[in-house]
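Biologist: I would like to learn how to read a model like this one. Can we go through it feature by feature?

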Amino acid sequence: MTEVVDVVIIGAGGHGRELADVARACIEAGRPWRLRGLVDDDPTLHGRTFCDLTVLGSVDWLRDHIDEPVVTVVGIGDPHVRRRVARRAAAWGVRWATLVHPDAVLTPYVELGPGVVITAGCVLTNSIVLGPHAHLNRRATVGHDSKVGAYVHLAPGSTLSGTTTIGEGSVVGTHACLLPGVSVGPWSMVGAGAVVCETIPANVTAVGVPARVVSRRAAGWHEDPTA
């Protein structure tokens, strides 16, 4: 008999609750999971219920239950905060869940890192690599031979054409599009609706059609706990 594993979502905000919906869909499709609840470092949320899920305590709850059959996923939208929390939990030896909504379309030639989330309506073709804790929101699409770095966030309706590369921690905004062969450097942001026609460097924000850099941040800004 297959052991039922508890799933705990880190983060009780909107993104975390949406990830819980993906976990529910996986369970309904036959995944041997049980959705146990949420954890969040905001003490005012502890014991409260959101969408029938109880906030069990702080993220430290996972450390205290490390010997139980529990898997987790980081339900935090901001990539640099997701990275910080994931590293903290990884130091305790947590087991990561990979959430793929049953309505997503993936070929067998997609490589998924631990903690990856793929929501409803996403389409991924072949020879694609998704790094750890990358999140693909509703109806994001990824073309052949693309590489999506760790902690990347693809917003709803974003489109990566073939042979594109998204560096670690970057965000591609709602309905933004990358043309074939272009790259976005680590820890950058592509604004909603932008069309990326040429490579975007690291640590910048680019917007518009065609996308142009409008602001820059110092290298390593994502390491700042106040950022």
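Biologist: Start with one residue. Is Ser 161 buried or exposed?

Modeller: First, the ground rules. This is a predicted model, so local features need pLDDT of at least 70 and side-chain atom pairs count only at pLDDT 80 or more, while totals for chains, interfaces and linings use all residues. Residues are numbered from 1 along each chain as its sequence is written, and side-chain values use heavy atoms, with hydrogens and water left out. Now the term: buried means under 20% relative accessible area, exposed over 50%, and partly exposed in between (1.4 Å probe, protein chains only). Ser 161 has a relative accessible area of 17%, so Ser 161 is buried.

Biologist: Where does Ser 161 lie, and which residues does it touch?

Modeller: Helices (H or I, at least four residues) and strands (E, at least two) are DSSP runs, numbered from the N terminus. Ser 161 lies in the loop between strand E17 (159-160) and strand E18 (165-166). Contact means heavy atoms within 4.5 Å. Leaving out residues up to four places away in sequence, Ser 161 touches Gly 143, Ser 146, Leu 178, Leu 179 and Pro 180.

Biologist: Now a glycine. Is Gly 121 buried or exposed?

Modeller: Gly 121 is buried, at 19% relative accessible area. Gly 121 lies in the loop between strand E10 (117-118) and strand E11 (123-124). Its contacts are Asp 103, Ala 104, Arg 139 and Ala 140, again not counting residues up to four places away in sequence.

Biologist: On to sheets. In what order do the four strands of the open sheet come?

Modeller: Strands of a sheet pair through backbone hydrogen bonds, either parallel or antiparallel. Two strands pair if DSSP finds at least two bridges between them. Here the order is E2-E1-E5-E6, with parallel pairing. Strand E2 (33-39) and strand E6 (95-96) stand at the edges with a single partner strand each, so one side of each has no neighbour in the sheet. Helix H1 (residues 14-28) packs on this sheet and touches E1, E2 and strand E5 (70-74). Six bridges join strand E1 (residues 5-10) to E2. Within that pair, Asp 6 stands opposite Arg 34.

Biologist: Which strand forms a hairpin with E24?

Modeller: E25 does, with four residues between the two strands. Four bridges join E24 to strand E25 (residues 212-216), and the two run antiparallel. Ala 206 has Val 213 as its bridge partner in E25. In the turn, Gly 208 has a positive phi of about 100°. E24 also pairs with strand E22 (residues 189-190), in the parallel sense, over two bridges. There, Val 190 is the bridge partner of Ala 206. Val 204 and Ala 206 make up the covered face of E24, Thr 205 and Val 207 the uncovered one.

Technical notes. Axes fitted to C-alpha atoms, helices over the stretch in contact; angles between N-to-C directions.
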